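Welcome, and thanks for opening the viewer. Let's walk through this structure one selection at a time.

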Amino acid sequence: MQSVKITSVVAAPLFGASPKGGWSSEIKPEDSVHALIAVHTDAGVTGHGSVFSDGRLVQAAIDVLRPLFEGENALDPERVAEKLNQNSFWMGRGGTLTHAISGIDIALWDILGKVTAQPVGRLLGGIYRQRVQPYCSLLMQEPAPLADTLRAMHESGFRAFKIGWGPFGRALDTKLDEAIVRAAREAIGPGAKLFVDAGASDAHWPHGLKWALRTAEMLDDYDAGWFEEPLRPDAIDDYRELRRASPVPIAGGEVLTRRQTFLPWLARGALDIVQPDVTKVGGISEQRRIAWLADDFGVKYVGHGWNTAVGLAADLQLAAAMPLTDLVEFIGGSPYVDDITTEPPTLDPEGYLPIPMTPGLGVNLDRERLARYTPDPELLFSDERR
Ligand SMILES: [Mg+2]
């Protein structure tokens, strides 16, 4: 099969169960901050993708991009995504349009996998692993309720955790920050992994380098595996200084998009761990290149596409195809991850997630479940009405 033509691309915004982000301007359940994408083809094969953006913007982006993708060969994901990138330079490259292209690119890789009967990870170059440890990502709360949540997630099988956002740093109370981290470490025990995310890409983050350095030293006392987004997302020079002085590894990059933006962060040594988000950065094509670039600089790559089961599926395939990626983010308690597929993600006895070795992304959306979160789930399964 030489060509499979794209007949339509559609977006289904997710509403009604959006998890809190711990943001200054908090996400409400009825807000649309994630959208699923379907790319339909003339071969009857449909691919699915995921975008971290307001669904209305994603739908508008698809309308704008339509002349560029319509009739294109769905078996050429990297070329088609790059065509969309290159021809939209004048519309704010790196912004919402890039987020939308991410979803299209993920769906095209899904199609290529389905047509060739191979898992996407193999098409990315080869399979290094067939399972990976998910870290359960949870919003920070006051110490007592956070400890309860962590104990419940530990009980359900997770052995790695990330706590972030919420009152940490924002309450301007370093004693509370430490009390939260202490309670978390006590709840999960010394054997579990613990990561801490300040979430300094939030609006008007109040702290700078000295707070970050003092906090990094505190986190080391609780054996934190990394300190994520400790500084505003454009403070590259402060990141460089912090990385050199901090006793714990420094992680970041979730709000950066386009591979070119990552180059100075890697070349200038600003991060120990880079965390591009496959549903924003430009898709699997872009994320693979960033992950390999990071590897060449000796920087660890851990994906951030946690927002839906499809984003997670893309991260799993990328984790399969990178030599040193031993973790994947997994948002705890989100129906957009746990409740939209025919086979919800299930931990093995050691707290790992199997990476599907079935064709494509290896994720099957469930119409009935999706109907709870998007008004027209049928759009994702058939293009008859387009
Ligand atoms: Mg983060």
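How many Å separate the centres of domain 1 and domain 2? Taken over C-alpha atoms, the centres are 23 Å apart. This is a predicted model, in which local features need pLDDT of at least 70, side-chain atom pairs count only at pLDDT 80 or more, and totals for chains, interfaces and linings use all residues. Residues are numbered from 1 along each chain as its sequence is written.

**Stop one: the two domains.** Select 6-119 together with 366-380 for domain 1, then 122-354 for domain 2. These bounds come from an automatic or database domain assignment.

**Stop two: where they meet.** Here 39 residues of domain 1 are in contact with 38 residues of domain 2 (C-beta atoms, placed from the backbone, within 7 Å). On the domain 1 side, colour β2 (34-41), β3 (46-52), α2 (77-86), α3 (96-116) and α13 (367-370), each of which supplies at least two residues. The largest share of that side, 11 residues, belongs to α3. Helices are DSSP runs of H or I with at least four residues, strands are runs of E with at least two, and both are numbered from the N terminus.

**Stop three: helix α6.** Now select residues 174-188. Which residues of α6 are buried? They are Asp177, Ile180, Val181, Ala183, Ala184, Arg185, Ala187 and Ile188 (buried: 20 or more other C-beta atoms within 10 Å of the residue's own, with C-beta atoms placed from the backbone).

Methods. Expected span 1.5 Å × (residues − 1). Buried ≥ 20, exposed ≤ 12 C-beta atoms within 10 Å, placed from the backbone. Contact = placed C-beta atoms within 7 Å.
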